[in-house]
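This report describes selected strand pairings, ring contacts and backbone features of one protein model. The sequence and structure are shown first.

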Amino acid sequence: QVQLVESGGGLVQPGGSLRLSCAPSGFTLDYYGIGWFRQAPGKEREGVSCISSTGGATFYADSVKGRFTISRDNAKNTVYLQMNSLKPEDTAIYYCAATMGTLHPFSWYRESKYGYWGQGTQVTVSS
């Protein structure tokens, strides 16, 4: 089996924090760039952030810059998305995805670059 599994979602109040994790089943993440995407009700899925295979490059959507931080621990075979100062508009299902392609500032968010996807984890920001 080749799968990605997201975890860490839940219900949080505005201004709160959550940390999402992305872990593989059946392969190592060492050679893959990892992206986080989200889909809110009634909206298209959008790129949130991504990190290169070595962790040497990261990209963020303008809407989350300064609030979210992507990181990876290849020794633990896990990628994280730390989400701080959460807003109601962050409410969505969050997916992680893996790519062996090159990530660029102008194209990292294109879903066609990613060949493997997780099942998603729900993040709800509400008071």
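The sections below cover the basis of the values, the strands, the aromatic residues and the backbone.

## Basis of the values

This is a predicted model, in which local features need pLDDT of at least 70 and side-chain atom pairs count only at pLDDT 80 or more, while totals for chains, interfaces and linings use all residues. Residues are numbered from 1 along each chain as its sequence is written, and side-chain values use heavy atoms, with hydrogens and water left out.

Helices (H or I, at least four residues) and strands (E, at least two) are DSSP runs, numbered from the N terminus. Two strands pair if DSSP finds at least two bridges between them. Buried means under 20% relative accessible area, exposed over 50%, and partly exposed in between, with a 1.4 Å probe and protein chains only. Contact means heavy atoms within 4.5 Å.

An open sheet is formed by 4 strands in the order 1-3-8-7, with antiparallel pairing. Strand 1 (3–7) and strand 7 (68–73) stand at the edges; each has a single partner strand, so one side of each is left without a neighbour in the sheet. From one strand to the next, the twist averages 20°; axes are lines fitted to C-alpha atoms, for helices over the stretch in contact, and angles run from 0 to 180 degrees between N-to-C directions.

Strand 1 and strand 3 (residues 18–25) run antiparallel and are joined by 5 bridges. Glu 6 has Cys 22 in strand 3 as its bridge partner.

Strand 4 pairs with strand 5 in the antiparallel sense over 5 bridges. The hairpin of these two strands has 6 residues between the strands, and Gly 42 takes a positive phi near 80° there. Strand 5 (residues 46–51) is largely enclosed by the rest of the structure, because 5 of its 6 residues are buried. Strand 5 is also joined to strand 6 (residues 58–60) by 3 bridges, and these two strands run antiparallel. Ser 49 has Tyr 60 in strand 6 as its bridge partner. Strand 5 and strand 6 form a hairpin with 6 residues between them, where Gly 55 in the turn has a positive phi of about 85°.

Gly 35 is found in strand 4 and counts as buried at 0% relative accessibility. Its bridge partner in strand 5 is Cys 50. Not counting residues up to four places away in sequence, Gly 35 touches Ser 49, Cys 50, Tyr 95, Cys 96, Ala 97 and Tyr 114. The C-alpha atoms of Gly 35 and Gly 47 are 7.4 Å apart in space, with the two residues 12 apart in sequence.

## Thr 99

Thr 99 lies in strand 9 (residues 92–99) and is buried, with a relative accessible area of 2%. The side chain of Thr 99 reaches the backbone oxygen of Lys 113 at 2.5 Å. Leaving aside neighbours within four places in sequence, Thr 99 is in contact with Tyr 31, Tyr 32, Gly 33, Lys 113 and Tyr 114.

## Aromatic residues

Rings of Phe, Tyr and Trp (its six-membered ring) pair if their centres lie within 6.5 Å; planes under 30 degrees apart count as stacked, over 60 as edge-to-face and the rest as tilted. By this rule there are 7 aromatic pairs. The rings of Phe 37 and Trp 117 have centres 4.9 Å apart and planes at 50°, so this pair is tilted. The pair links distant parts of the chain, with Phe 37 in strand 4 (residues 33–39) and Trp 117 in strand 10 (residues 116–117), 80 residues apart. Phe 37 is buried at 0% relative accessibility, whereas Trp 117 is partly exposed at 25%.

Trp 108 and Tyr 109 form an edge-to-face pair, 5.7 Å centre to centre with 85° between the planes. Trp 108 is buried at 4% relative accessibility, and Tyr 109 is partly exposed at 38%. One aromatic cluster consists of Phe 27, Tyr 32 and Tyr 116.

The charged end of Arg 45 sits over the ring of Trp 117, 4.1 Å from its centre, and over the ring of Tyr 95, 4.9 Å from its centre. For this description, NZ of Lys or CZ of Arg must be within 6 Å of the ring centre and within 35 degrees of the ring normal.

Most residues other than glycine have a negative phi. Asn 77 has a positive phi of about 55° although it is not a glycine, and is placed in the loop between strand 7 and strand 8 (78–83). Ser 85 likewise has a positive phi, near 50°. Ser 85 lies in the loop between strand 8 and strand 9 and is partly exposed, with a relative accessible area of 41%.

Methods:
Polar contact = N/O pair within 3.5 Å; in protein donor to acceptor, adjacent residues only side chain to side chain.
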